[in-house]
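Here is a short report for someone meeting this structure for the first time. Please keep the sequence and the model side by side while reading.

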Amino acid sequence: MSRESDDVTARIRDRLSALRARMRREAVLDEAVSRTAARQNIRPEEAARHLSRLADASGVELPDLAATIEPAPRPATLPPVPGWVLAVLQAVHVSAAYLVPVVDDGDRPVDFVIAAANEQARDVTGRGAGELVGERLVQACPGVVKSGLLEAYFRVLAEGRPLKLDPVEYVEAREHKLWPASLTVRAVPLHEGVLASWRALDEDERLISRWDRAQREAELGWAEWTLTTGRTYWTAQMYGIFGRDPADGPIPLEELPGAVVEADVPLVDELMSTLLEHGEAADSEFRIRQRHGVRQVRTVSEPVLDDSGTPVLVRMLVQDITRGRRRERALSAAHAQAIRQRRRAEEEQRVAHRLQDAIQPGHSGVLDVPGVRIAVRYLPAEDVGRLGGDWFKARSLPDGRVLVAIGDAMGHGLAAVGLMAQMRFGLAGLAYTKADAAQLATWLNDLIYHNSETVAATGTAVIGHFDPGSRLLTWTSAGHPPPLLVRDGVAALLEPPPGPMLGALESVAYELTTTQLHPGDMLFLYTDGVIERRDQDLDAGLKSLLEAADDCPLEDPEAAIGCVLDRIGLDTHDDVCLLALRIR
């Protein structure tokens with residue numbers, strides 16, 4: 001490994017060490033809360049507040065105070081368990097226990113006693129029935145609190161309805177350690193208590209239950225790193241992508257930089273910082289070295305957080321995009337270095353003009369149609385490598401409605417341009433079927449999903465129909481930024497109906513939303529280049545757009561677009577497309 005990858009490896013180890021130290025501190029607190037709840041016969045959330053007040057009053061740090069809390073003694077006598085209940089327990093072939101409620105002075109259930117368990121019973125730490133029976137549930141198994149199982153058992157007891165959870169991400173805190181597991185849980189009301197059963201999923205079940213279909217259809221690799229223990233799970237596709245023998249096992253998270261091309265190691269560093277320090281999902285592209293050469297991969301990663309926001313798992317979906325990237329680089333690689341620089345400016349200009357022409361002849365202007373005046377502004381990215389697939393469509397239809405749409409084909413370069421053309425021209429043809437916007441989105445999704453020739457064939461869009469007579473806008477969203485409505489000088493984002501990106505899933509039914517527009521309203525549709533900036537997140541970009549729309553005069557849509565773009569400041573590292581509708 002290079003010196004830089006060694007440094008990044010060391011930083012990842014430091015981050016993991018810090019996270020594990022934090023988890024251990026939280027384990028101490030979890031145990032203290034459960035012990036306090038058992039001692040005082042109160043619910044865990046009340047015990048947590050009690051410990052916090054006690055720490056404030058005593059001046060002792062909460063972790064130090066928590067370390068002094070001793071376990072509550074077992075109840076002197078156990079509730080009687082009928083013989084037929086014991087017989088039912090023994091008939092269950094997985095871990096099972098009979099839980100009898102413990103109530104406070106107000107007859108409110110606050111906990112359970114593990115009154116009986118079958119021979120197969122094992123908790124996630126390996127303890128059997130002999131160690132569990134007679135214990136208070138919260139004290140014996142503190143993980144039932146954060147996982148939500150305790151509240152679920154209370155509901156089974158109160159409502160008398162069976163419980164089925166599959167799977168449950170469960171983390172047990174015992175003896176200052178964390179014991180993670182994925183469980184299937186069942187519970188039913190029985191006699192005077194609750195019969196609960198559970199089973200820990202093995203490695204194959206964990207992977208199959210989450211990503212089997214995604215891997216089968218898209219030929220993707222899947223990995224999961226358990227941060228508490230360092231255990232790693234890889235699918236067979238991951239070993240193929242990384243050119244690694246399964247007998248060698250998966251690559252630990254902290255050693256991932258060692259498999260990456262040196263120039264791309266900073267990208268992995270940034271990815272790990274996002275996952276481990278900020279606890280946020282991220283996608284990234286970088287090159288890896290393997291026995292068959294250098295491969296380009298795209299990753300979509302997410303951390304799994306506990307209730308306190310601490311990452312306990314990292315999951316990563318990996319796609320080998322080498323073939324697509326090689327096609328994009330084929331033309332420039334065929335030319336000699338001596339003429340590459342001379343032709344680069346010509347190529348950039350030619351591609352930019354092609355993109356503009358594919359969007360619409362003319363890249364700004366005004367369209368007057370019944371009931372609405374529409375203006376548009378499209379600005380391509382300055383860097384040809386960042387040219388994307390932004391598009392729009394606005395036209396009157398034979399049935400009197402006005403079609404308005406805006407979208408973004410994911411990715412950059414010619415592949416994105418090709419996908420953009422499919423989306424825009426496909427919608428133009430489908431619009432004449434008189435179908436509503438939700439149906440158009442569904443058909444457009446089918447078109448993109450089944451086009452195997454397009455690299456990274458996904459996109460976003462807002463599609464709507466404006467009725468000039470009623471001034472109703474019926475619209476739907478496929479994972480696109482929400483429209484912005486300015487009414488009476490106040491700008492607000494419209495709440496989009498839920499809908500996935502176009503091309504992400506095989507079968508999708510989109511929802512339709514109706515928005516009543518009024519004379520004088522201004523509606524803005526835009527692509528993410530309007531709100532994305534290198535130095536700020538999307539929320540900040542949306543806030544800037546709202547403030548600009550609030551401040552700009554809105555009598556003329558073309559002037560309004562110019563004012564808004566001036567106020568937010570253009571950063572053309574990505575395409576920018578902005579559509580403004582002035583309602584008459």
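## Overall make-up

The chain contains 17 helices and 21 strands. The model is predicted. There are 584 residues in the chain, and 50% of them count as buried.

The accessible surface is about 27200 Å². Carbon and sulfur atoms account for 51% of that surface. Contacts also reach along the sequence. Taking contacts between residues at least 6 apart in sequence, 63% link residues at least 24 apart.

## Helix 1 and helix 11

Two packed helices are described by the angle between their axes and the distance between the axes. Helix 1 spans residues 3–40, and helix 11 spans residues 265–277. Their axes come within 10 Å and cross at roughly 5°. Angles under 35 degrees count as roughly parallel, so helix 1 is roughly parallel to helix 11.

Which residues of helix 1 and helix 11 meet? Helix 1 supplies E4, S5, V8, R11, I12, R15, L16 and L19. Helix 11 supplies V265, P266, D269, M272, S273, L276 and E277. By class, this contact of helix 1 with helix 11 has eight nonpolar, two polar and five charged residues.

## Helix 1 and helix 2

Helix 1 also packs with helix 2. Here the axes come within 8 Å and cross at roughly 105°. An angle from 65 to 115 degrees counts as roughly perpendicular, so helix 1 is roughly perpendicular to helix 2.

On the helix 1 side, the contact uses A32, V33, T36, A37 and Q40. On the helix 2 side, it uses P44, A47, A48, H50 and L51. Seven residues of the contact of helix 1 with helix 2 are nonpolar, three are polar and none are charged.

Between these two helices runs a loop. Helix 2 covers residues 44–58, and N41 sits in the loop between helix 1 and helix 2. The phi of N41 is near 60°. That is a positive value in a residue other than glycine.

## The disulfide and other cysteines

How many disulfides are there? The count comes to one. C552 and C563 form the disulfide, with their sulfur atoms 2.0 Å apart. The torsion about the S-S bond of C552 and C563 is about -85°, so the disulfide is left-handed.

C552 lies in the loop between helix 16 (538–551) and helix 17 (557–568), and C563 lies in helix 17. The pair therefore ties together parts that are 11 residues apart in sequence. C552 and C563 are both buried. C141 is buried, at a relative accessible area of 9%. C577 is buried as well, at 0%.

## A cis peptide bond

Now to the backbone at a proline. The peptide bond from D166 to P167 is cis, with omega near -10°. P167 is located in strand 3, residues 163–174.

T515 belongs to strand 19, which runs over residues 513–516. Is T515 buried or exposed? Its relative accessible area is 12%. Buried means under 20%, so T515 is buried. Leaving aside neighbours within four places in sequence, T515 is in contact with R471, L472, L473, W475 and L494.

R471, one of those partners, lies in the loop between strand 15 (459–467) and strand 16 (472–478). R471 is not a glycine, yet its phi is positive, about 60°. At 28% relative accessibility, R471 counts as partly exposed.

## A196 in strand 5

A196 is part of strand 5, residues 193–200. With a relative accessible area of 2%, A196 is buried.

What does A196 touch, not counting residues up to four places away in sequence? The list is S95, A96, A97, L99, Y153, R186 and A187. A196 and Y153 are 43 residues apart in sequence. In space, A196 and Y153 are 8.3 Å apart, C-alpha to C-alpha.

Notes
Residues numbered from 1 in each chain as written. Predicted model: local features only at pLDDT ≥ 70, side-chain atom pairs only at ≥ 80, totals over all residues. Heavy atoms only, no water. Axes fitted to C-alpha atoms, helices over the stretch in contact; angles between N-to-C directions. Helix = DSSP H or I, 4+ residues; strand = E, 2+ residues; numbered from the N terminus. Parallel < 35°, antiparallel > 145°, perpendicular 65-115°, else oblique. Contact = heavy atoms within 4.5 Å. Nonpolar A, V, L, I, M, F, W, Y, C, P; charged D, E, K, R; others polar. Disulfide = S-S within 2.5 Å. Buried < 20%, exposed > 50% of the residue type's maximum accessible area, 1.4 Å probe, protein only. Areas by Shrake-Rupley, 256 points an atom, 1.4 Å probe, with all protein chains shown as cover.
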